[in-house]
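Here are my notes for you on this protein, written as numbered points. Keep the sequence and the 3D view open while you read.

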Amino acid sequence: MATSAVAEGQQSLNGIISDPQSKDLTDLPTELLEHILCFPVLKNVDICNVSCCCKRLHDVCHERGKVWGHQYKLRWPRLQRFYRQNECCDWLREYKTRHRVGIQIRRTVESISKRFFTEVPCVGQVLGDSFAEIESLGMPEHFCEDELLFILNSDKSKSLTLKYYAKKILYFLRQQNILRSLKTFLEQPAEQQSALEGAILVDQYCNPLAEVTLNSVSAQLDEIAEKVKKMLKIKNSSHPSLRIAQGDCFVVEDFELQRQVVCALNSVLYEQLQYKGNESDYYNPLNSYIHQVLLRRTGIPISLSVLYMTLAHKLGVQVEPVNFPNHFLLRWCQKQRGSEDIYDYVYIDAFGKGKQLTAKECEYLIGHQVTADYYSAISTTEVLLRMVGNLLNIGKRGEGNEKSYQLLRDSLDLYLTINPDNVQYLLLQARLYFHLGIWPEKVLDILQHIQALDPSQHGAVGYLVQHTLEHIQHKKHPATPEVKKRSAAEHVEVQYSVGLIMKHKRSGYNCVIYGWDPKCTMSQEWITTMRVHQLSSGANQPFYNVLVQDGTCRYAAQENLEPHSAPLEIGHPEVGRYFSEFANDHYFANEELQTRYPEDMVETLATVQDLYHRLTPGSGTQDQAPATDQNNQQAMAM
């Protein structure tokens, strides 16, 4: 479009609103009118008003035209990838549908805090009913996800409770989609299943909020394969692997040519790129996630083996996964392909920088002999079970916090999707849900399935059924939450209030208060273990529930806390469950927390104002009170 025409359109912009029936305006060419009506300052309301003025402008703003298409893409830019370029679409209908979905999603998310505030803050418990509500909308799923992302990406310090539950719904929503993809993957013929794709599905399920895709991981591996080809070209410029294009299925038959590929692969992967086994932090779950292995260039035997095997296949060398006990390996045939003789293979230790082992040396690796069965190649499904089994074991080794419980839940979901009749893990799943107090109806379904598979489990099943039914009855008559007023006589010693950002005098950690008791309410065993008696006031003083910067929840004695002289945001995943906003120097309690501590926010504001006046230039900070506790290594009460 000519510059003069654009300038003319810009001069006419104000006329659209002030006098849309102006003869000069309606006489403009359609293309110029569309350009004017696509200016960013015009919103959907403006377009609606303009289109109602006259038939000419109504026609320009028709539902399939450029104007509503521009409004749609301007308002929801992330959704553009779901449409083909220049696609003819009823943009007005899409706009209205997306707008309606946004209102309904937001309404659902806002309602969750009121319904679930007193429940255990686990994804499944919070979202079972809410996910069903979202599905019942019958709206395109990508619209729902886009609205949740819109909520999460809004002002960082505001709408914290809304974001907290939006994040949990998005987590749950994506996990359900990934499970469906995994089931579809498992239905494919075994020869069509890729260990890399399966490993990525495991990664995605455990990290549903991370942007992990098969395409992005494959692109990174293609880059590594190209580096190997450059190395290979130096050694043998006519090597057949150099002619393999991305996506080609080609096998190098000559053993010497295969050896050249393996040598080049080891050189690039372990010397040039410095990939290595993570010996110092072996049980970190990040070692099992493919996108993290690529990012951190470290992993455990099975994750590094999946990468090594994928790269070898891209370069024409067939290596196979071996489910060796305690140390996952790959095998590379040195004789006729398909040989059953374990001594016809070299075994590659991807964790050990690609070291090549004989069958006997593999036994030295683990310190004991094994039968020939352990040297056999396994299927992709068995690779995934081993990978998920590792995550399960890490979850069971965890510290009993929400992070380890979530890993245990996720890995159990994956394992039982792959192998749904494993009685041992079904029972573990039922016990986990029972322990967490979540999904009692699902627990009963699991127990019924266990009883059908293995009647000998009737003892354990019967116990869990009885107590689960009691839990269901208890949920029908929930206890009224306790309301704590600071003005009550028994609370006179409580100095601090919810929302205050505190510093621990001895441990130095930063935290925010989300609850308090006038006296320690923990068991005598806990009090003894935490050495509460070493405090000057012992258990006979107020104790505070605090969210700590490191992601833990602690119960701290009043004498060990002081208001932070330079308040800062607390990066705890549960902050949004209790607070709606970070107000620069304190947190503002959400409606549910204020109901339980109705007088605390006034006290919090007074404390913050007093602290501000004491810390104004020239006044200095107060001296810290001397620490009274002697042993605070565990930092739960101290």
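1. Let's start at Gln204, which is buried, with a relative accessible area of 17%. Buried means under 20% relative accessible area, exposed means over 50%, and partly exposed is in between (1.4 Å probe, protein chains only). Gln204 sits in helix H11. Helices (H or I, at least four residues) and strands (E, at least two) are DSSP runs, numbered from the N terminus. Leaving aside neighbours within four places in sequence, Gln204 is in contact with Ile178, Val212 and Thr213, where contact means heavy atoms within 4.5 Å.

2. A word on what you are looking at. This is a predicted model, in which local features need pLDDT of at least 70 and side-chain atom pairs count only at pLDDT 80 or more, while totals for chains, interfaces and linings use all residues. Residues are numbered from 1 along each chain as its sequence is written, and side-chain values use heavy atoms, with hydrogens and water left out.

3. Now the whole protein. Its secondary structure comes to 25 helices and 13 strands. Of its 638 residues, 49% count as buried. Among contacts with a separation of 6 or more, 62% are between residues 24 or more positions apart.

4. Next, have a look at Asp413 in helix H18 (residues 402-418). Is Asp413 buried or exposed? Asp413 is buried, with a relative accessible area of 13%. Asp413 and Gln175 are 238 residues apart in sequence, but 9.9 Å apart in space, C-alpha to C-alpha.

5. Over to strand S8 (residues 510-517), where you'll find Tyr514. Tyr514 is buried too, with a relative accessible area of 14%. Leaving out residues up to four places away in sequence, Tyr514 touches several residues, including Val498, Leu547, Cys553, Tyr578 and Tyr597. Tyr578 is 64 residues from Tyr514 along the chain, yet their C-alpha atoms are separated by 6.7 Å.

6. What about disulfides? The structure holds zero of them, a disulfide being a pair of cysteine sulfur atoms within 2.5 Å. Cys61 is buried, with a relative accessible area of 5%, and Cys333 is buried at 14%.

7. Finally, the second largest pocket, which holds about 1,200 Å³ of space. The closest to its centre of the 44 lining residues are Met309, His313, Lys314, Gln318 and Val319. On a 1 Å grid over the protein atoms alone, a pocket is an open set of points where a 1.4 Å probe fits, with protein on both sides within 12 Å along at least five of seven lines; lining residues have an atom within 4 Å of a point. Elements that each supply at least two lining residues include helix H11 (195-206), helix H15 (301-314) and strand S4 (329-333). The lining divides into 19 nonpolar, 14 polar and eleven charged residues.

Technical notes. Points joined across faces, edges and corners; volume = space filled by probe spheres on them. Nonpolar A, V, L, I, M, F, W, Y, C, P; charged D, E, K, R; others polar.
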